[in-house]
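Please load the model in your viewer and keep the selection tool handy. We will take it one stop at a time.

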Amino acid sequence: MNVLGVRKTLEVNILNIVRRQRFSNASAIEDNVEKVQPPDVFEVGSEKVTVKRDKSGLLQQHRNILHNKTPYKEPHSWIHLTEKYQRKVFARYGSESGVDPRICFPNNFDFKLQCIYEKEIEPKSFSDMVMKSRQEEQKQVQEIKSREEAIAQNMEKLEQWKKDLQNKILKKEADAIAAKQRKERLVEEVRRHFGYKVDPRDERFKEVLEQKEREEKKLQREAKRQAKEQKLMAKLTGNSA
């Protein structure tokens, strides 16, 4: 037999020994448990009596909580005597907790302390806060109403605004066409001034053109002044009549 065969045989023997030890230990534990734990059924004379056994391992207070009962019948700590704990117990278990329900209501000292706290947190009274809230609500309603009225008025003026914009565009186009025609007329007058065809980039042409433009603007201003005077005279004449 080689080394590998010997090693394999030793491993098998060790595993068998460990298994036998585990089996024997488990059998011993089961025997002890059977000896310690009482049976579920006892025979008393000719009758069989069933015994309930607690196998949970929980403490009594924990079993009480599990079955929705008061954990402690009597206080076991100073915490159990506090108002906070007793209120909590009464809130969960009700009259079965044995707690006086009057402890759930604040006493005079607690009431005064709560009033001082609320006054520090919110100095204004409840009626003042309600009035302020109503005023803010009315203000918002008024703002919405004013905005709706402004929108309605603007919608009524929309058609007039469209007409005014269209007239403005037409006037601008007409002014551009008139300016172009006036410029062409001045250029033609300058050419007739020289008596022959002149390049518009020539300095002499530019000088004469600028002079013509100044004379044109002067005539326009004079025409506007006369029209204004005539309008004023017509107005005065109408008032005198």
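Before we start, a word on the ground rules. This is a predicted model, in which local features need pLDDT of at least 70 and side-chain atom pairs count only at pLDDT 80 or more, while totals for chains, interfaces and linings use all residues. Residues are numbered from 1 along each chain as its sequence is written, and side-chain values use heavy atoms, with hydrogens and water left out.

**Stop one: helix α3**

Six salt bridges are present in the structure; the term covers a side-chain nitrogen of Lys or Arg within 4 Å of a carboxyl oxygen of Asp or Glu. Select Glu83 and Arg87 to see one of them, with 3.5 Å between the closest N and O atoms. Both residues belong to helix α3 (residues 83–93), where they sit four residues apart, about one turn of the helix. Helices here are DSSP runs (H or I, at least four residues), numbered from the N terminus. An α-helix has 3.6 residues a turn, so residues three or four places apart point the same way.

**Stop two: Asp100 and Arg102**

Next, pick Asp100 and Arg102, whose side chains form a salt bridge at 2.8 Å, N to O.

**Stop three: helix α4**

Move on to residues 108–121, which make up helix α4. Its 14 residues reach 20 Å from first C-alpha to last, close to the expected 20 Å, a span defined as 1.5 Å times one less than the number of residues. How many of the 14 residues are buried? The count is zero, and α4 is hardly covered. At the start of α4, show the side chain of Asn107: one of its oxygens comes to within 3.3 Å of the backbone nitrogen of Phe109.

**Stop four: helix α6**

Finally, select residues 203–240, helix α6, and find Arg225 and Glu229, four residues apart, about one turn of the helix. Their salt bridge has its closest N and O atoms 2.6 Å apart. Glu229 is partly exposed at 39%, and Arg225 is partly exposed at 39%.

Definitions and conventions
Helix = DSSP H or I, 4+ residues; strand = E, 2+ residues; numbered from the N terminus. Buried < 20%, exposed > 50% of the residue type's maximum accessible area, 1.4 Å probe, protein only. Polar contact = N/O pair within 3.5 Å; in protein donor to acceptor, adjacent residues only side chain to side chain.
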